[in-house]
Amino acid sequence: MGFFKRKKVLNSIATGNLIPLNKVADEVFSSKMLGNGFAISEHNGEVYSPLDGTITSIFPTKHAITLTDLKGESVLIHMGIDTVDLKGEGFDIFVTENQKVKKGDKLAKMDISFLKEKGKDSTIIIVTPESQAGELLLGEQIVTPKNQVFKL
C-alpha cells in the first residue's frame, strides 16, 4: 500500500551550476561513499536549506552542516572540498544546532575569494548519508534555491 507514499524532494542549496555527484572532484563524494546527492558549483557563496527540518550538527570547522527532516532522515551539506583544513576561516554560519529551519532559509555564507586565495574548490555538496537512493530531477544547468533538484 505504498501507492500514496510521498517522496522527499530537495531544493537547490545555492544559486549556481547543478552538477551530478559523480562529477565532484573528491572521490569520497563522487563514488557515493557518503550517500547519494548532488553538488552546486560556480555559486556566490550563500547556502540555503534544501528542506524543512532541524539543524542537527554544525562541524567545529564550519565547513559542514547536518540537517534532519521531519521524518528523521539526514542530509549533509559539505561546503567546499578539503575546506576542513581552513579550521572555520572563510565561513559564516547563520544557524545553531537544534534550530528549526524551513526550505530556503539561509544557513551559511562562504567567502569565495578567501577559498580561491587558499586554493580550495568552493563546490557545495549535499548527500544523504543514510541512503544510496535518489535521482536528479534536472540536468546540468543554473539553478536557484527555489528549484527542486533531487528526489529520494
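Student: Which residues does Ser-49 touch, not counting residues up to four places away in sequence?

Tutor: This is a predicted model, in which local features need pLDDT of at least 70 and side-chain atom pairs count only at pLDDT 80 or more, while totals for chains, interfaces and linings use all residues. Residues are numbered from 1 along each chain as its sequence is written, and side-chain values use heavy atoms, with hydrogens and water left out. Contact means heavy atoms within 4.5 Å. Not counting residues up to four places away in sequence, Ser-49 touches Leu-67, Val-101, Lys-102, Lys-103, Gly-104, Asp-105 and Leu-107.

Student: Is Ser-49 buried or exposed?

Tutor: Helices (H or I, at least four residues) and strands (E, at least two) are DSSP runs, numbered from the N terminus, and Ser-49 is placed in the loop between strand 4 and strand 5 (53-58). Buried means under 20% relative accessible area, exposed over 50%, and partly exposed in between (1.4 Å probe, protein chains only). Because its relative accessible area is 0%, Ser-49 is buried.

Student: Which backbone oxygen does the side chain of Ser-49 reach?

Tutor: A polar contact is a pair of N or O atoms within 3.5 Å; within protein, one must be able to donate a hydrogen and the other to accept it, and residues adjacent in sequence count only if both atoms are side-chain atoms. At 2.6 Å, the side chain of Ser-49 reaches the backbone oxygen of Leu-51.

Student: At what distance does the side chain of Asn-11 reach the backbone oxygen of Pro-145?

Tutor: Asn-11 is part of strand 1 (residues 9-11), and it counts as buried because its relative accessibility is 6%. Not counting residues up to four places away in sequence, Asn-11 touches several residues, among them Phe-38, Pro-50 and Pro-145. From the side chain of Asn-11 to the backbone oxygen of Pro-145, the distance is 2.9 Å.

Student: What is the order of the strands in the open sheet of eight strands?

Tutor: Two strands pair if DSSP finds at least two bridges between them. The edge strands each pair on one side only, and they are strand 9 (100-101) and strand 13 (142-143). With antiparallel pairing, the order of the open sheet is 9-5-6-7-11-3-2-13.

Student: How many residues of strand 7 are buried?

Tutor: Strand 7 (residues 74-81) pairs with strand 6 (residues 64-69) in the antiparallel sense over five bridges. Strand 7 also pairs with strand 11 (residues 121-128), again antiparallel and over five bridges. Strand 7 is mostly covered, the number of its residues that are buried being eight of eight.

Student: Which residue takes a positive phi in the hairpin of strand 6 and strand 7?

Tutor: Between these two strands the hairpin has four residues. The residue with a positive phi, near 90 degrees, is Gly-72.

Student: Which residue is the bridge partner of Glu-46 in strand 10?

Tutor: Strand 4 (residues 46-48) and strand 10 (residues 106-110) pair in the antiparallel sense over three bridges. Strand 8 (residues 91-93) also pairs with strand 10, antiparallel and over three bridges. In strand 10, Glu-46 has as its bridge partner Lys-109.

Student: Which side chain meets Glu-46 in a salt bridge?

Tutor: A salt bridge is a side-chain nitrogen of Lys or Arg within 4 Å of a carboxyl oxygen of Asp or Glu. For Glu-46, the N to O distance is 3.6 Å, and the partner is Lys-106.

Student: Which residues make the nonpolar surface patch of about 260 Å²?

Tutor: Patches are made of residues with over 30% relative accessible area and no salt bridge, where like charges are joined within 9 Å and nonpolar side chains (Val, Leu, Ile, Met, Phe, Trp, Tyr) within 5 Å. Accessible areas come from the Shrake-Rupley method with a 1.4 Å probe, and for residues only the protein chains shown count as cover. Met-33 counts as exposed because its relative accessibility is 57%. The patch is made by Val-28, Met-33 and Leu-34.
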